[in-house]
Structures are given as C-alpha cells and as structure tokens.
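Dear colleague,

Please find below the structure that I am handing over to you.

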Amino acid sequence: MRSLLRRFALAALVVPAAAGVVTTASSAEAAPVRAEVKASEQALQADLVRLTNEQRAQHGCPALSVDARLTEAARGHSAWMARTGSFSHTGDGGSTFVARVKAAGYRSPSAENIAWGYRSAAEVMNAWMHSAGHRSNILNCQSTTVGVGAVHAANGAPYYTQDFGY
C-alpha cells in the first residue's frame, strides 16, 4: 500500500473555469523545460491520449484533441519531476499547473493528473480511473483539449503528467 501511495497522487487538481484563478509566471515558469522526446515516451503519451478518449467515449464525453502547448507544459513538469525525483502538482520554483500551462501559452487550463512508476499507459489509466479525483478530471465533458508528458528518470522510472484545457 505504501508503494501505491508513493506512486500515485491521491488528490487530483481541478480548477473550475468559474474560479477565475489568476497567477503570474516566474522566470523559471516562463521558460518551460524542453525535454527530448524518446520514442518510448512518445508511445506512452499517445497511448494515454487514446485510452483517455476511449474512457470518455464510454461515458458519453467527446474526444479530447491534443494541444501542443498542453503537451509542452505536461512534458516540462514530468521532466522536472523525473530530474528531481519529486512527485507533486507543485513544480519548479513552486509553480502550479495553471501557471505552467499559461506560461506555455494556453489560456484556459482545467485540470492536471500525475503519476509515476507505472510501466504502461494501461496501468496508469487503470490507476487514474480508480481514483475519484483523477477519474473526474478524465471524464469532465467540459474539457476539450489534453496534453500528456511521459518522461523517464535516469533510473528508468517513468513520470506522467496529463494537463487538460477548456
């Protein structure tokens, strides 16, 4: 159980559009990390998008389109977690997912899911769908776009970030 808790965020972040969250990006947030995309990471990212859209279709939500800005924000956060061994929605310099997404040029963020250690996209999706907060983010029919970042740490552990937008 302890291992599961370490590998999986218990609370998913949700920012309703009505909340009107305003943040400013620090210089660290303004210059997103541009992590090299390995073929294995690209495959994980594509699989997570596909599995997310399959879940949405099964629950009556329209498919999400991939947005490069959300992908940039998600990969940057995954790369930071992989590099530092951190596992948190709070990122480099204390950044929030809203600040990271806006720094990447996307103006309407909706939610973020994170995970680490799972060896396949199916394992990640299974874990997220068994967590109320993560499931809610995936099945939020108001979200229209997604970006996924899968980055392996030097020790091989994969870190995942899934950013949603309105």
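E112 and R100 are both buried, where buried means under 20% relative accessible area, exposed over 50% and partly exposed in between (1.4 Å probe, protein chains only). The side chains of these two residues, E112 and R100, form a salt bridge with an N to O distance of 3.1 Å; the term stands for a side-chain nitrogen of Lys or Arg within 4 Å of a carboxyl oxygen of Asp or Glu. Because E112 belongs to strand β3 (residues 109-116) and R100 to helix α5 (residues 97-103), the pair ties together parts that are 12 residues apart in sequence. Helices (H or I, at least four residues) and strands (E, at least two) are DSSP runs, numbered from the N terminus.

Please note that this is a predicted model, in which local features need pLDDT of at least 70 and side-chain atom pairs count only at pLDDT 80 or more, while totals for chains, interfaces and linings use all residues. Residues are numbered from 1 along each chain as its sequence is written, and side-chain values use heavy atoms, with hydrogens and water left out.

As to the overall architecture, the protein has seven helices and five strands, in the order α-β-α-α-β-α-α-β-α-α-β-β from the N terminus on. Of its 166 residues, 48% are buried. Among contacts (heavy atoms within 4.5 Å) between residues at least 6 apart in sequence, 76% join residues at least 24 apart.

The structure contains five salt bridges in total. A network of them links D47, R50 and E54. Within it, the side chain of R50 meets that of D47 at 3.8 Å, N to O, and that of E54 at 3.0 Å, N to O. R50 and D47 are three residues apart in helix α3 (residues 39-58), which means that about one helical turn separates them. R50 and E54 are four residues apart in α3, so about one helical turn lies between them as well. R50 is partly exposed, with a relative accessibility of 41%. D47 counts as partly exposed at 31%, and E54 counts as partly exposed at 36%.

Helix α3 also packs with helix α6 (residues 121-129), at an angle of about 40° and with the axes 9 Å apart. Axes are lines fitted to C-alpha atoms, for helices over the stretch in contact, and angles run from 0 to 180 degrees between N-to-C directions. The angle makes α3 oblique to α6, since angles under 35 degrees count as roughly parallel, over 145 as roughly antiparallel, 65 to 115 as roughly perpendicular and the rest as oblique. The crossing of the two helices, α3 and α6, is right-handed, meaning that the near helix is turned clockwise from the far one by less than a right angle. On the α3 side, the contact is made by L44, D47, L48, L51, T52 and Q55, and on the α6 side by A121, A122, V124, M125, W128 and M129. Nine of the residues in this contact of α3 with α6 are nonpolar, two polar and one charged. Here Ala, Val, Leu, Ile, Met, Phe, Trp, Tyr, Cys and Pro count as nonpolar, Asp, Glu, Lys and Arg as charged, and the others, Gly among them, as polar.

In α6, the buried residues are A121, V124, M125, A127, W128 and M129. These buried residues of α6 pack against α3, β3, α7 (132-138) and β5 (158-165).

With kind regards
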